[in-house]
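Dear colleague,

Please read the notes beside the coordinates.

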Amino acid sequence: MPFNLVSAWNKRRRSKSHDHTDPWIYKPVEYWQLDDQAPQPPKRHHHGSSIFTLKEMEEATCSFSEENLLGKGGFGRVYRGTLQSGEVVAIKKMELPPFKAAEGEREFRVEVDILSRLDHPNLVSLIGYCADGKQRFLVYEYMQKGNLQDHLNGIGEGKMDWPQRLKVALGAARGLAYLHSSSDVGIPIVHRDFKSTNILLSADFEAKVSDFGLAKMMPEGQETYVTARVLGTFGYFDPEYTSTGKLTLQSDVYAFGVVLLELLTGRQAVDINLGPNDQNLVVQVRHILNDRKKLRKVIDSELGRSSYTMESIAMFANLASRCVRRESSERPSMAECVKELQLIIYTNAKGLGAAMAPNKAMF
Ligand SMILES: Nc1ncnc2c1ncn2[C@@H]1O[C@H](COP(=O)(O)OP(=O)(O)OP(=O)(O)O)[C@@H](O)[C@H]1O
Ligand SMILES: [Mg+2]
């Protein structure tokens with residue numbers, strides 16, 4: 001194609017770069033960009049992952065400085081980083097046992113490629129990875145407000161009111177339902193490690209699920225790692241797993257139910273400060289979830305009374321009780337949870353609206 005024609009088209013493209021409706025623009029542009037000398041925006045958040053070098057990871061985090069440390073989990077430390085493009089990200093530096101590091105590179109790439117193809121507003125985007133020698137890093141979208149558990153424990157700014165908690169529950173449910181639906185990668189994905197520290201919040205408190213599929217990358221049955229992990233996730237563990245040895249989509253539903261209970265009660269899934277019979281939140285409250293009178297006693301005392309209706313609390317507790325049933329076949333699907341939470345949000349808003357009405361009329 002003559003050069004002039006290409007550059008004329010490029011000019012036309014630049015002048016109309018915001019015009020997505022012109023059918024002329026879309027396809028040819030993909031082709032002509034090859035000739036274009038202008039720097040290409042990196043393809044991120046869609047269609048596969050970016051690959052980073054170790055040097056890029058070091059530069060992004062000031063050589064993993066303490067100031068950039070966001071937290072530590074079962075897979076390693078997480079740092080805040082700034083990429084060369086200026087994009088702020090969270091970088092997970094994975095601590096792998098030596099044998100896994102040596103053999104796992106191909107497996108790691110395949111796994112990350114699959115996970116980075118997932119794209120949903122309620123999933124934390126996996127932007128890319130670095131596999132350099134024995135080191136492995138995962139690069140995620142940065143979530144400004146940190147994890148849900150910190151907010152429920154009051155480490156964040158103030159406690160969340162009931163509508164905010166319902167919104168978080170719905171967002172997390174949508175994220176999980178999307179993973180389970182197999183939409184973009186052809187197979188349903190079991191999260192395997194769903195819990196309140198793996199629900200991250202954006203600047204405007206939109207909930208996004210993180211660390212999906214990650215547990216699969218870790219070796220099973222390795223004493224040192226397993227001990228650390230099981231302790232951390234104990235309260236979320238599907239009781240049926242002990243008999244079948246398999247984590248299923250319904251195991252995620254169980255863990256989701258535990259998070260619903262945390263949102264309702266403000267208590268932790270496991271509280272090691274309590275006596276042996278009270279440590280596990282599910283065991284503690286399971287029997288009273290469908291008893292309205294007793295239910296009142298376990299509602300988080302820091303929830304503003306004017307932010308909830310008992311009707312919505314009862315519906316929410318009932319949903320939670322079904323999610324944590326021992327028999328996995330009796331638990332609802334995540335798609336059903338999404339529908340019910342929508343109804344609960346509607347019921348609460350309507351109930352509060354009705355309660356407000358007389359007040360408004362009085363003034
Ligand atoms: N994408 C992110 N944006 C902002 N902060 C993050 C991000 N990912 C993780 N963090 C922070 O880093 C902390 C540690 O995360 P990490 O995932 O390693 O541990 P965890 O969630 O407690 O346990 P697990 O290893 O089972 O996921 C989180 O609790 C969260 O506050
Ligand atoms: Mg996590």
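This is a predicted model: local features need pLDDT of at least 70, side-chain atom pairs count only at pLDDT 80 or more; totals for chains, interfaces and linings use all residues.

Lys339 has 13 C-beta neighbours inside 10 Å and therefore counts as partly exposed, where a residue is buried if 20 or more other C-beta atoms lie within 10 Å of its own, exposed if 12 or fewer, and partly exposed in between, with C-beta atoms placed from the backbone.

Residues are numbered from 1 along each chain as its sequence is written, and chains are lettered from A and ligands numbered from 1 in the order in which they are written.

The secondary structure comes to 14 helices and eight strands, these being DSSP runs numbered from the N terminus (H or I of at least four residues for helices, E of at least two for strands). Of the 363 residues of the protein, 32% count as buried. Among contacts with a separation of 6 or more, 65% are between residues 24 or more positions apart, a contact being two residues whose C-beta atoms, placed from the backbone, lie within 7 Å.

Turning to the sheet, six strands form an open one with mixed pairing, in the order S1-S5-S6-S4-S3-S2; two strands pair if DSSP finds at least two bridges between them. Strand S1 (50-51) and strand S2 (69-73) stand at the edges with a single partner strand each, so one side of each is left without a neighbour in the sheet. Strand S3 (residues 76-82) and strand S4 (residues 88-94) pair in the antiparallel sense over seven bridges, in which Val78 is partnered by Lys92 and Gly81 by Val89. S3 and S4 form a hairpin with five residues between them, and Gly86 in the turn has a positive phi of about 95°. S4 also pairs with S6 in the antiparallel sense, over six bridges, and here Ile91 stands opposite Val139 in S6. Because five of the seven residues of S4 are buried, this strand is largely enclosed by the rest of the structure. Helix H5 (residues 105-116) lies across strand S5 (126-132) and strand S6 (135-141), running at about 170° to S5.

Ala173, mentioned above, also takes part in the contact of H7 with H10. Helix H7 (residues 162-181) and H10 pack at an angle of about 175° with their axes 11 Å apart, where axes are lines fitted to C-alpha atoms, for helices over the stretch in contact, and angles run from 0 to 180 degrees between N-to-C directions. H7 and H10 are therefore roughly antiparallel to each other (angles over 145 degrees count as such). The residues of this contact divide into 10 nonpolar, one polar and two charged, with Ala, Val, Leu, Ile, Met, Phe, Trp, Tyr, Cys and Pro counted as nonpolar, Asp, Glu, Lys and Arg as charged, and the others, Gly among them, as polar.

Helix H10 (residues 249-265) also meets helix H13 (residues 310-323), their axes coming within 8 Å and crossing at roughly 145°. Residues in this contact include Val253, Tyr254 and Gly257 of H10 and Phe316 and Cys323 of H13, and by class the contact has 11 nonpolar, one polar and no charged residues.

With best wishes

Technical notes: Angles under 35 degrees count as roughly parallel, over 145 as roughly antiparallel, 65 to 115 as roughly perpendicular and the rest as oblique.
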